[in-house]
Structure formats: C-alpha cells, structure tokens
Amino acid sequence: MSTRSLKRLDHPAVWWLCFAIGFAIVAARLPTDGSWDFENYHIYNGFAVFHDRRGLDIAPAQSQTTLYYGIDAAYYLIFSALNDRPVLINLLLSLPYSAAALAIFLISRLFAKPGFLWPALVSVAAALFGLTGAATYATLATTQSELVPGLGFLVALAIWLILEKKERNTAWTALGVGGLAGVSVGLKLTEAPLFVGLFLAIGARFPIGKRSALFEAITFGVGGVAVFAALDGAWLWSNFRDYGNPIFPFMNNIFRSDLVAFNDWADHRFLPKTTAMALFYPAYWAFQPSTDVGELSMRDPRILLGCVSALILVLGYAWRWLREGTAPSVASLESLGVSLAIVFLVSYALWERAWSIYRYLAVQEALSGVLLIAALPTAFGARSKPWLMSGLFALVVVSTVKATEYPRWNRARRAPQAISVKLPPFERNAMVLFLDPQPYAYLVPWMPNSARVIGVNNNLVGPRSLGRLWSQIGAAVRDHQGPLWGIEDPNDSPGVADVSLASLGLARKGECDPLISNLEDWQHVRICRLRRE
C-alpha cells in the first residue's frame, strides 16, 4: 500500500469506524444490563415519561424516582423497541464509547505528534487505555455508564483544545463549546465538576496574555447554562411545583420540602474519612482492591496516574515561566497541557468533595492516557528521544492494565429477551406495594397501565421517616378500593416487608408466587396478595 493511500486512511471517520467495530465486538459478547440502577430507575423513569405516571405512582424508584428523565427516556425506547434483540441493544449502547474514543484520540494526537514514535498508534493506545478502566469498561453497554452523559463534554473538550492549538478560539467558539458541555450537565448533574473545570481552564489563560479569556469563559458559561435550562427547565419546574424542591429530594436542607426530612440526601458513604485520606485518596484504590469509592471491590491506578501527570504539567509550566520570565504561548503544548490538567484537577477535587463515587469519574478516567502522553516530555525534558517517550508510555500502560481489577456489576442472565418478566395477572385497579428497598420499578411496564405502584419502605420513605410523604402513602393505601399486592425480597431484606405491612395495617393473603425474571439471579423475590387487618 502506498504512502498516499495510508495518509488517506488516517482520517477521523476511519478511526471512528475502527473504534466502533472494536467496541461493538466486545459489547456483543456481554450480557445485557442487569444493574441495580437499571432495575430501580433507568427503565421506570423512561417509561414514566411516556405514560404519565407522576400523579399515579409514589416513589416506586425510591429517591431516584424524581431524577432527570431525558437519558432514561432514550434507554426505555431502546429496550422496549429492541427487547427481542438483546445483542442489538448492546451494539447501540456501545456507540457512545466509539465516539468518546475518537474524541480522546484527537486530543492525544495534539500531544503525541511532536515527541512520540508512531503518534497515531500511541493516540489509539491512549484512547483504549482510558476507556478500559474500572469506571468505563465495567459499565460498557449498560445504562449505568457515566461515559454516555459525559460524551458531550469530551467532544467539547476536544474541539476547544484543537481550536486552541490553531489559535482560533473566540467568544463564539466558547459559546458553542459551552453548549456542548452543557448537554452533559443537563443529562446528568454529576458531570457539573467537569464543566466547572473547563470554565476555569478557559479563564486561566488571561494571565498568560489571552486578553479575551475572561470573556470567553463567560460566554462558555452562558452557552452551558442556556443548554442546561433548555434540557432541564421543565423537569426542575415540575419537581418544584409537585414537591417544593427542584431537585427533590436532594439539597432539601436548603429547599426544605415538607415531604421529607430537611437534610441534603446525599450519599456520604464513600467520602474520605480524614484529611490525609482526602489528599492521597487515589492511592487507596490504585495498589490494592478497595471498596472506598464504591459498593463493589475494584483496583485501578488510572486516576492516580492522571493526578500525578496533571501535577507534573502544572509544576513544569510554572517552572518554565519562572525560569524564562515569560509564559509559553496559549497555543503551545505546555499551555494546552496545563488547561487539560486544570480540567482534571478541578473536576477531581469537586468530585471528591461532593460524592467520591468512582463511577462518576468515568470521563476523568478516560483522559488519563492523554495526560500521561502530555506529562512524559515535561517530566523527562523536551529533548527526550521519541523512542524513550513511547517506551515509557507503553511500560506505564501495560503495568496499569495488569493491575486493574474491575467491579462486577450485575448483568442479566442471557435470554431471548433483554428483559424477561413473568408476573401474576394483576387487576386493572390493583395497587402494588414495593415493601422493601430492593429495586423493583423495572417491573412496572409489565403491569396494567392503570395499576398504581407505591414504594413504601426504601431509601426515600418508610414508616419512621420524617415529612408528609409517609402520611400520603398511608392515606393512599387506606383509601384504595381495589386489590392490594406486595412485592418483597425476604432474603436480601429480611423482616423489612413485615414492618411495612404492620405499619400500613396489612397482611399477606395466601401463598406468594416467585418473581420469574432474567434480571434476578435467584428466585428470592416473591409477589403476594395482601389483605387488610
């Protein structure tokens, strides 16, 4: 093949096709999603959008019932339309990974061309390295993947860095980039730290001579806020109207809805326990299996590698500025590297302060290979030989991949359908109570549309909870004139259903039937007719 033909193949569309084929092959071999989040709210929240469940059901998906529904609506449409073609579902859910890989590849090439042998292959390796971490690869082809809502930000970052290299960034480009990044925040609020990081990186160019940097940062923010408002405005308003809190139940210590307790409703289980732990948190799960940042054990050095690389970039830049008396130009690789480092470090710090849930670091993890490429020449000197840079990169990548241990998120048992469910014949006027905190809301689409579903004892509400929501549930059960059913898992939540029934003045009626579903590993879940005592 001639050199000219090879150059023609070196095109973003060709690389995307290669990534798409690769991820599709991997995704096709995986079982479909069966994660807790999938069972609890991703399917139900999407279903509720198209079937107007807000005024009918009460907390069937627990505290997640009121989360933003846009991306879940898309997931519901995919699973409902292609339920008989589970492999095709996985292929569709793998497409965001190929787009993310292309964005990372293009960013990597900015840094790999000057100092590495075979920069295209190094950039491919950086993309695959970032997308095979414990946060990204473990959730491939699942609704639990944080890379899907984060894709807009990755594309925005790639566009901004490429334009910055060409010195073509303006307030108008910042507006568009902000809009793209705002899509990610609109789809999931956990992407907000990345938005803040890029906002600060754009503004941070002002001290090094980019006079329009502050105005560009403002227009970036305006673009992001406008898109966020367009995506989430109706959801925020409906939550405020119905619950007295636009992001109900979260931050209820501020909004003070009287339906639930006045606390922040955040998950604090994974926050670092001490100052020392906070400073060195990535090391806690880099060298040994850990449950510090998630429910399941995992090990992955990528975030630690990203933090170290980002610090090298910042310190190297500062040292050169002090030594030479002038800062490198905004289009230099040093400046681009510092911008990338600011995005990473700021977003990581905000993540650690707010959640410390590892899955939410999917985009930062995806950028770890790029940061490594950018940092190696800074760490070993600008005159280092390309073969040395490429060799060191390969050594770190191979060592990290060998050290990675993935969390084993639940996936469905293989079946002709992605979701296979067999329920008793619920009456059209039935009320179905979820009696414990296990995830049952995915069953609602298989019930009669007129059936009312209520979660009565979960992470949002229960017999001992504060606020009016429990009394609303009690009144709804008391006033219901039709048949009553309960769903419970006495194996995983022993005794919880008994407390729920006693608090509502109910009892089981006759024998219970097991739930038959490919999303349940064991037939522990049972469905019971209920009677009033």
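**Helix packing and aromatic pairs**

I will start with helix 7, residues 147-165, and helix 15, residues 333-354: their axes come within 10 Å and cross at roughly 160°. Angles over 145 degrees count as roughly antiparallel, so helix 7 is roughly antiparallel to helix 15. The crossing of helix 7 and helix 15 is right-handed. As a caution, this is a predicted model.

Which residues make the contact? On helix 7 they are Phe153, Leu157, Trp160, Leu161, Glu164 and Lys165, and on helix 15 they are Leu333, Leu336, Ser339, Leu340 and Val343. Sorted by class, that contact between helix 7 and helix 15 has 8 nonpolar residues, 1 polar and 2 charged.

Now the other helix pair. Helix 8, residues 171-187, and helix 9, residues 192-203, have axes that come within 8 Å and cross at roughly 160°. Helix 8 and helix 9 are therefore roughly antiparallel to each other. Is their crossing left-handed or right-handed? For helix 8 and helix 9 it is left-handed. Helix 8 contributes Val177, Gly178, Ala181, Gly182 and Val185 to the contact, while helix 9 contributes Ala192, Phe195 and Leu198. By class, the contact of helix 8 with helix 9 has 6 nonpolar and 2 polar residues, and no charged ones.

On to the aromatics. The structure holds 22 aromatic pairs. One of them is tyrosine 68 with tryptophan 235, an edge-to-face pair at 5.7 Å centre to centre, with 70° between the planes. Where do the two residues lie? Tyrosine 68 is in the loop between helix 3 (36-51) and helix 4 (70-81), and tryptophan 235 is in helix 10 (residues 213-243), so the pair ties together parts that are 167 residues apart in sequence. Tyrosine 68 is buried, at a relative accessible area of 12%, and tryptophan 235 is buried too, at 3%.

A second pair is tyrosine 281 with tyrosine 284: the ring centres are 6.0 Å apart and the planes are at 65°, so this pair is also edge-to-face. Both tyrosine 281 and tyrosine 284 lie in helix 13 (residues 281-284), 3 residues apart, or about one turn of the helix. Are these two tyrosines buried or partly exposed? Tyrosine 281 is buried, with a relative accessible area of 0%, whereas tyrosine 284 is partly exposed, with 31%.

Last item: Tyr281 and Tyr284 belong to one aromatic cluster together with Trp285, Tyr348, Trp351 and Tyr358.

Key
Residues are numbered from 1 along each chain as its sequence is written. This is a predicted model: local features need pLDDT of at least 70, side-chain atom pairs count only at pLDDT 80 or more; totals for chains, interfaces and linings use all residues. Side-chain values use heavy atoms; hydrogens and water are left out. Axes are lines fitted to C-alpha atoms, for helices over the stretch in contact, and angles run from 0 to 180 degrees between N-to-C directions. Helices (H or I, at least four residues) and strands (E, at least two) are DSSP runs, numbered from the N terminus. Angles under 35 degrees count as roughly parallel, over 145 as roughly antiparallel, 65 to 115 as roughly perpendicular and the rest as oblique. A crossing is left-handed if the near helix is turned anticlockwise from the far one by less than a right angle, and right-handed if clockwise. Contact means heavy atoms within 4.5 Å. Ala, Val, Leu, Ile, Met, Phe, Trp, Tyr, Cys and Pro count as nonpolar, Asp, Glu, Lys and Arg as charged, and the others, Gly among them, as polar. Rings of Phe, Tyr and Trp (its six-membered ring) pair if their centres lie within 6.5 Å; planes under 30 degrees apart count as stacked, over 60 as edge-to-face and the rest as tilted. Buried means under 20% relative accessible area, exposed over 50%, partly exposed in between (1.4 Å probe, protein chains only).
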